[in-house]
Amino acid sequence: MRKHIAIGLISAAIISYQLVIMQILSFTQWHHFGFMVISVALLGFGAAGTYLSLKRVRLVKNARTILPGLIILSGFFMLLAIPASQVKLIRFDSFLVFSSHVEKLKLLFTYLTYFMPFFTGALAIGIFFVQESKKIGKAYFSNLIGSALGGMVTPFLMWIFLPQQIPAIIVPLAFVGGILITPRSKRTAFGLVVLLGFSLAIFFLISPPKLMPSEFKDLTKTINLPDAHITIEKNSPFGIVHVVRSPVLRYAPGLSLSFEEEVPVNQAIFTNGNLSGSLLSTSMNDSTYFLRYTTLNLPYVVLSPDRVLIMEAGEGTQLYLALNHDIKSIVAVDQNPLILDIIINNINNGHLIKKPSEKVSFHCLEPRTFLMKDTSQYDLIILPVMGSFGGTSGAYAINEEYLFTLESFREMWNKLSPHGAVCISTWMDVPLRYPLKILATLVNLGQEKGINNINNHIISIRSWNTITFLLTKKPGIESSGILEFCEKMYFDPVILPDVIINNKDPFNVIQEFYFQDYIEEIMARDNSMFLKSYDFNISPATDQRPFFSQFLKWKTIPKLSQTFGNQTLPFFEVGYFMVILTLGQTLIIALVLILFPLLLKRLKSKNKTWVVFYFGGIGLGYMFVEIVLIQQMILFLGNVIYAAAAVISGMLLFSGIGSYMSQKIVTTSKSIFLILLIITGLLIFIIVFITPILQMTMANSLHFKLIVTFVIIAPVSFFMGMPFPLGISYLSRKAENVIPWAWGINGYLSVVSVPMATIIAIESGFSWVMIIAGSVYLVTSLVGLRLKD
């Protein structure tokens, strides 16, 4: 019983550590490194299986000492990995990986640093599995239930502690688990080691290591400004929030060259090191007036809205502009409560509005959830400014941006009053991508709604660095006021109702000479040929493929490489290329380490082919399903950490129950075939019904949606927890020496599946990932029929 508790505790610590590293890398690097963490974790489990297959006899023979030692050692690695990864000698920068061999080496060392806690913890779990192979269902249950509890608790810890402090909270679980199963003869020595570990944990809790974000992150560049200092630092599952103050800090997207006064912005808000918005000076009586000199002011030139909905209002700028125009009713929506509190305090403490409670209604919800829950109509719906000044270098290429999908724009259109409009702005980039994709999305929406002459419904103007689009329900907006506004502000009209733009660059000359021609091509009645032939993917994003900032086309890579050079190419889509790099690295390592024990030890078994297909198949299939469900639940639950924690914990919990129940099943080829066939059927059910179920329940509370999440994943997870223990149970009777190798194959195929599933989702959509998962389980079930009972 003590061993089961110890394994549960180390499993909880490992999964919690995994979620913490995901958040840390989202801050120090970018969102896409979350996939690298999952791969490193699974690689640790796979490598542990390989090592166990090579040293099985020795490890099992000395398990009484080695098992608690490994659990305690894993806790030490968890404590030391984060401060070690921030040492300059090891700390890498993802933007430099493709141009510097030194950075590639640093990336490898970072892999190793984060790998060690997973390897040592997994090796302990593997030894336990070998010892308990006759009762593997119960053993696997302890592992999965512990992991599930760790995943559930971690999001709550993120509200209280900074991510670099959380390992100090969770590693005592490993220390307690290790001491719990330490032999009496070793307790004094191990106790002193654990005492040292607790001392280190207290030290890192009180004095946590400093996280060093990439030098290319907005926060790093802002901190380098004169007299810059951090005034607020808070953490939550939504990320680390910083507020930075500097007397020379300025933020005014789309500001006119005619504005000659001081911009009253001296504070900026950052989430995970990325600029989220700005705070206006509270010492000035008219600190919002300068916003009338930006392209963002376009909707207020065209319309006189009474009711305005601002999505992702934590960006601040759009909310301040609406306040300046004295709008009667403003509805501000943002999912991050920390940022909303900062914005509300800034408004209440300044001179921005006399009675904010009467004018502004704040809603802390995921924007898409709000759209489905709210029944009101609005004269104007405003989206946040997309992209960033100077371009994003593809850092957000694999971010799920559900607010900017075609389905999202449909929902916004349905909430507009008869004279309403949707407004969206973006920074200009080179080569052109963001402006063209936004326009293509608006045109596609208009065509869906049966608008014959889309030119009468879209208005667009640009400055030297931003462009603003307005999609109106009412056709034929008068253009004279817009032309007068552009003339006064030195803005260039791009699209005006029934007006041919002859002078293409009256004020702001841009690098893209054919910009206006591209605009006309997209505005044409049939723009499909242009969208296909353009060098980048500018077709509208959808909920199936919500990667709005993903522009790379495989077929145009040779042309782009020839035009811009091989070293420049990765910086168009650095996020996507990092996933591809992760896949390449893990594939090579996995293949080598799977074949290595076979070549070295020449494992003797008649079931080698079955072991590869069976344990590889259930590893690949399980992770494909997990990755898809996490991606689907990001929109449903409104946050990547919530989605990851809920799906991972839920799947582990119900898989653990399934594993426990598998002990009651007689292991035969027929029973294994039947279980895998049930899994395939349940996956087909999910493919068909998950989208309508999520849409029907999207508007409910977070607690209710968590229940829905568990209801969806419970049946399939329950049965997905059975194949592994059933397979191990079979091997324990037929070829016990192959068990560690089988566990290693399961781990390695799981490793490869993570980036592979992401690439398939980007190129073909989430449904295809789930279809492939179902196919893998079906093929695995057919292979299982070859077993001899």
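Is Phe119 buried or exposed, and what is its relative accessibility? At 17% relative accessibility, Phe119 counts as buried, where buried means under 20% relative accessible area and exposed over 50%, with partly exposed in between (1.4 Å probe, protein chains only).

This is a predicted model, in which local features need pLDDT of at least 70 and side-chain atom pairs count only at pLDDT 80 or more, while totals for chains, interfaces and linings use all residues. Residues are numbered from 1 along each chain as its sequence is written, and side-chain values use heavy atoms, with hydrogens and water left out.

The structure holds 34 aromatic pairs, a pair being rings of Phe, Tyr and Trp (its six-membered ring) with centres within 6.5 Å, and planes under 30 degrees apart counting as stacked, over 60 as edge-to-face and the rest as tilted. Two of these pairs are set out below.

| Pair | Centre distance | Plane angle | Class |
|---|---|---|---|
| Phe115 and Phe119 | 5.5 Å | 20 degrees | stacked |
| Phe128 and Phe129 | 6.4 Å | 40 degrees | tilted |

Phe115, with a relative accessible area of 16%, is buried, and because Phe115 and Phe119 are 4 residues apart in helix H5, about one helical turn separates them; helices (H or I, at least four residues) are DSSP runs, numbered from the N terminus. Phe128 is buried with a relative accessible area of 0%, and Phe129 is buried with 5%. Both Phe128 and Phe129 belong to a cluster linked by ring pairs, whose members also include Tyr140, Trp610 and Tyr614.

Technical notes:
Helices (H or I, at least four residues) and strands (E, at least two) are DSSP runs, numbered from the N terminus.
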